[in-house]
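Biologist: I'd like to learn how to read pockets and helix packing in a model. Can you walk me through it?

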2 protein chains.
Amino acid sequence: MAWHLALVIEPAASDDSRTDFSATFRAVDPSSPVLPLGELSAQRGDGVFESLGVVGSHPQEVDAHLRRLARSAELCDLPAPHAEQWRQAIERVARGCGPGESVIKLILSRGIEHGAGPTAWVTAAPAADFTAARQEGIRIATLDRGYDSGAPLRAPWLLQSAKTLSYAVNMAAIREAKRRGADDALFVTSDGVVLEAPTASLIARIDGVFVTPTPAGGILPGTTQASIFSWLRSEGGSTASREVTAADLGRADAAWLVSSVRLAAPIREIDGVRLPVDLDLTPRLNDYLLSPRD
Amino acid sequence: MAWHLALVIEPAASDDSRTDFSATFRAVDPSSPVLPLGELSAQRGDGVFESLGVVGSHPQEVDAHLRRLARSAELCDLPAPHAEQWRQAIERVARGCGPGESVIKLILSRGIEHGAGPTAWVTAAPAADFTAARQEGIRIATLDRGYDSGAPLRAPWLLQSAKTLSYAVNMAAIREAKRRGADDALFVTSDGVVLEAPTASLIARIDGVFVTPTPAGGILPGTTQASIFSWLRSEGGSTASREVTAADLGRADAAWLVSSVRLAAPIREIDGVRLPVDLDLTPRLNDYLLSPRD
């Protein structure tokens with residue numbers, strides 16, 4: 001894999017008042033050894049992350065991603081990330097990107113076992129080519145998430161609204177979806193409430209309204225979903241965050257999985273049942289998502 | 001942290017017929033950089049692991065741990081670990097242990113992103129001192145695992161019976177237990193069935209029978225629990241693997257959290273309610289667990 005650039009960050013305390021954090025960044029060769037075996041990210045998936053899209057050398061929605069990183073850190077009792085430090089790290093790796101689409105990953109780990117504090121790094125790499133998913137659409141398989149819809153509020157230690165490094169279940173769900181002949185999974189609660197995909201949010205058009213499942217502590221608030229909703233409203237569309245049942249989804253006349261790097265992938269099949277792809281709106285959505293956004 | 005030894009392993013194919021795998025081991029300094037940033041263990045907690053107790057230079061229950069590693073790998077669609085290769089790696093790091101108690105960790109990761117295959121390593125380090133937990137006992141807080149008791153069989157992609165590197169929820173549960181004034185957590189399903197602790201199995205003595213929750217796909221089969229059950233039966237005790245409800249647990253006259261390194265920690269309080277510590281049996285259990293076992 002070709003990498004653009006990677007920086008290891010020495011995390012600053014949240015009250016650090018420096019204006020220039022470049023002395024806390026160390027450029028590393030991401031294919032060389034960097035992390036010791038005691039890294040708790042590697043031992044226990046113990047940390048949080050973000051993936052940002054980059055178009056040319058413009059990182060998309062930096063503030064929204066940094067807010068979500070901070071929220072994930074809080075849910076995991078990790079020290080608050082210093083927003084300005086991370087912003088400067090993102091700017092630095094973004095300058096090494098492009099042309100075309102890239103992906104920036106932010107990782108905040110609990111650190112080295114028995115160590116002093118968190119470790120952190122930022123990487124930039126070329127994005128995969130998602131043209132087919134964006135244009136032809138994807139087939140999804142709905143999969144039971146095991147939880148009922150009340151679980152996240154009842155049991156916040158399940159970390160359902162934090163973007164943690166513990167993604168083994170997310171990856172297993174995608175493998176199961178592929179075994180079922182689909183391209184991606186869509187999680188549903190044990191009581192039939194639609195949640196999210198393992199690495200994307202759902203937007204469905206139901207009775208003329210663009211609907212996304214309410215977070216309510218049970219799913220990750222989608223940065224790309226929020227950006228699309230702003231754009232749809234600016235275009236005169238109606239949007240709603242509300243509970244979406246599997247039955248509601250059956251009434252959708254179009255739906256998308258949306259995420260920072262694959263962008264808007266129209267769903268063309270749910271559990272083997274075809275769903276029309278909106279061939280007018282979908283390219284406009286992706287044109288919007290590929291324009292510089294802050 | 002003082003480490004004894006660490007080996008990076010080049011995983012052999014399961015049909016590799018070599019008798020000596022030493023050429024596939026590379027001793028590394030575990031506090032130096034070893035893993036590249038593309039490691040999927042660090043990016044996504046995507047891999048499986050085992051922790052073995054070591055007494056002197058004797059690794060405990062190697063076969064049972066290797067069987068569970070293989071089972072976890074299978075559940076995660078990882079290539080089957082080569083048992084003889086791992087056994088030799090364990091023997092090699094165990095020779096560097098002791099005196100006293102140590103812990104050996106086996107990690108099998110999905111590998112480097114876009115790489116050729118899994119990566120693997122084995123570490124040995126001194127164990128923490130668990131004398132207080134073993135002698136004075138621990139306080140536990142029961143925590144909702146979010147799942148109902150049918151979820152694991154219905155949704156195997158939840159990986160509930162695999163020991164994956166995605167332990168963020170396990171760690172969050174222990175933090176929540178500590179916030180509640182306890183030392184450890186005990187997971188219970190949303191419908192009131194007792195499961196396991198984040199890093200240990202439960203054994204409870206109920207009506208004179210030593211009972212552990214049935215795995216049934218929902219919990220990790222405990223290597224230490226199985227070893228204790230064999231010993232209890234050899235001592236004339238009755239044992240049973242069966243469904244344990246929260247109400248059953250309330251009737252227990254003694255209970256322990258058991259695991260490979262902390263060994264048998266008697267539970268002296270559940271959600272603030274005192275439980276007697278069996279001061280005769282508990283030290284005998286730990287003496288047994290500290291004897292060489294295969």
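Modeller: We'll take a pocket and then some helix pairs. This is a predicted model, where local features need pLDDT of at least 70, side-chain atom pairs count only at pLDDT 80 or more, and totals for chains, interfaces and linings use all residues. Residues are numbered from 1 along each chain as its sequence is written, chains are lettered from A and ligands numbered from 1 in the order in which they are written, and side-chain values use heavy atoms, with hydrogens and water left out.

Biologist: What volume does the second largest pocket have?

Modeller: The general idea: rolling a probe the size of a water molecule over the atoms shows where empty space is left. On a 1 Å grid over the protein atoms alone, a pocket is an open set of points where a 1.4 Å probe fits, with protein on both sides within 12 Å along at least five of seven lines; lining residues have an atom within 4 Å of a point. Points are joined across faces, edges and corners, and the volume is the space filled by probe spheres set on them. Here, the second largest pocket comes to about 290 Å³. It has 20 lining residues, and those closest to its centre are A:V8, A:I9, A:R26, A:T119 and A:A120.

Biologist: Which strand gives the largest share of that lining?

Modeller: Strands are DSSP runs of E, at least two residues, and helices are runs of H or I, at least four, numbered from the N terminus. Strand 6 of chain A gives the largest share, three residues. Strand 1 (5-9), strand 2 (25-28) and strand 6 (119-126) of chain A each supply at least two. By class, the lining has 13 nonpolar residues, four polar and three charged (Ala, Val, Leu, Ile, Met, Phe, Trp, Tyr, Cys and Pro are nonpolar, Asp, Glu, Lys and Arg charged, the others, Gly among them, polar).

Biologist: At what angle do helix 2 and helix 3 of chain A pack?

Modeller: Axes are lines fitted to C-alpha atoms over the stretch in contact, and angles run from 0 to 180 degrees between N-to-C directions. Helix 2 (residues 62-75) and helix 3 (residues 83-95) of chain A pack at about 130°, axes 11 Å apart. That makes helix 2 of chain A oblique to helix 3 of chain A (under 35 degrees is roughly parallel, over 145 roughly antiparallel, 65 to 115 roughly perpendicular, the rest oblique). Touching residues (heavy atoms within 4.5 Å) include A:L66 of helix 2 and A:W86 of helix 3 of chain A.

Biologist: And how are helix 7 and helix 9 of chain A arranged?

Modeller: Helix 7 and helix 9 of chain A pack at about 110°, and are therefore roughly perpendicular to each other. Their contact has seven nonpolar residues, two polar and one charged.
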